[in-house]
Each structure stands twice: as structure tokens, then as C-alpha cells.
Amino acid sequence: GVNALALEQRTWEEVRDLSLNFFLVAPSLNLPFSPLVHPMLEGVFNLLLAWAAMFAGFLSDERKDKPNLLPFGPMLVGMQFLTSGFLLPYLFTRTVE
């Protein structure tokens, strides 16, 4: 397949616009740079970010006596970009209770 970085310019512009419209903050504040994006794309984008944010409860999982192999702070940030690509390795390498 094609390299992920070799996407069309239109695709990168849409990603930027979706990021600016995160949870409709820019449109609700009537910011002048609020782009117009298809509502279905905004819904899917915001749903995926909310799904990744739900795992923030794992941030309290760090135990001093049994530290995890992968720290969850950077994993949570990575989940905002590639949800399952970061969550699954973290869950597989977690230490047992």
C-alpha cells in the first residue's frame, strides 16, 4: 500500500480541521478560524478521542511495588492518535495484581 505520509493534501487539511473542531469548542466559541467539516466525520473523530480518554482511569494504576513495563502517561497521549495501537500493548505488558 501507499505510505501513510504520502496522503493527499486534502486529507491532511481535513485532519487539521477536525483537530481544530475538537468537541466543537471552536464553533461554539464562534472563533474566526472554525472550519466547516462534515458532521458525521466530526462525530466519529470525537467518539474515538472520547473512547481513548475513558482509559484515563488507568493513570492511577501505577504501583510502587510492581511498576508496569510501559508507563501509562505517554501511552494515554499516544492513544489520542492511535487508540488500540497504544492500548493493547499496554494491557499486554501490565503487571499482575
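This is a guided tour of a predicted protein model, stop by stop.

**Before you start**

Residues are numbered from 1 along each chain as its sequence is written. Because the model is predicted, local features need pLDDT of at least 70 and side-chain atom pairs count only at pLDDT 80 or more, while totals for chains, interfaces and linings use all residues; side-chain values use heavy atoms, with hydrogens and water left out.

**Colour by confidence**

Colour the chain by pLDDT, the predictor's confidence in each residue, from 0 to 100. The protein chain averages 78. At least 70 is the score of 92% of the residues. Now compare the elements; helices here are DSSP runs (H or I, at least four residues; strands are E, at least two), numbered from the N terminus. Helix α1, residues 9–20, has the highest mean pLDDT, 85. Helix α4, residues 72–79, has the lowest, 76. Where pLDDT is low, the predicted coordinates should not be read in detail.

**Select α1 and α3**

Two packed helices are described by the angle between their axes and the distance between the axes. Show α1 with helix α3, residues 39–53. They pack at an angle of about 70°, and their axes are 10 Å apart. Axes are lines fitted to C-alpha atoms, for helices over the stretch in contact, and angles run from 0 to 180 degrees between N-to-C directions. The two helices are therefore roughly perpendicular (65 to 115 degrees; under 35 is roughly parallel, over 145 roughly antiparallel, the rest oblique).

From α1, pick Glu14, Leu18 and Ser19. From α3, pick Leu41, Glu42 and Phe45, which they meet. By class, this contact has three nonpolar, one polar and two charged residues. Nonpolar covers Ala, Val, Leu, Ile, Met, Phe, Trp, Tyr, Cys and Pro; charged covers Asp, Glu, Lys and Arg; the others, Gly among them, are polar.

**Stay on α1: Asp17**

Select aspartate 17, also in helix α1. Is aspartate 17 buried or exposed? It is buried, with a relative accessible area of 16%. Buried means under 20% relative accessible area, exposed over 50%, partly exposed in between (1.4 Å probe, protein chains only). Aspartate 17 touches Pro35 and Val37, not counting residues up to four places away in sequence. Contact means heavy atoms within 4.5 Å.

**Two loops**

Go to asparagine 30, in the loop between α2 (25–28) and α3. Check its backbone: phi is near 55°, a positive value in a residue other than glycine. Asparagine 30 counts as exposed, at 66% relative accessibility.

Next, proline 71, in the loop between α3 and α4. Proline 71 is partly exposed, at 47% relative accessible area. Draw a C-alpha to C-alpha distance to phenylalanine 45: it reads 25 Å, across 26 residues of sequence.

**Move to α5: Phe86**

Phenylalanine 86 is in helix α5. This residue is partly exposed, with a relative accessible area of 27%. Which residues does phenylalanine 86 touch, not counting those up to four places away in sequence? Show Met75, Gly78 and Met79. Then look back to glutamate 42, 44 residues away along the chain: the C-alpha atoms are separated by 22 Å.

**Finish outside the helices**

Leucine 5 is in the segment before α1. It is exposed, at 68% relative accessible area.

Last, select glutamate 97, in the segment after α5 (83–93). Glutamate 97 counts as exposed, at 68% relative accessibility. Glutamate 97 and glutamate 8 are 89 residues apart in sequence and 46 Å apart, C-alpha to C-alpha.
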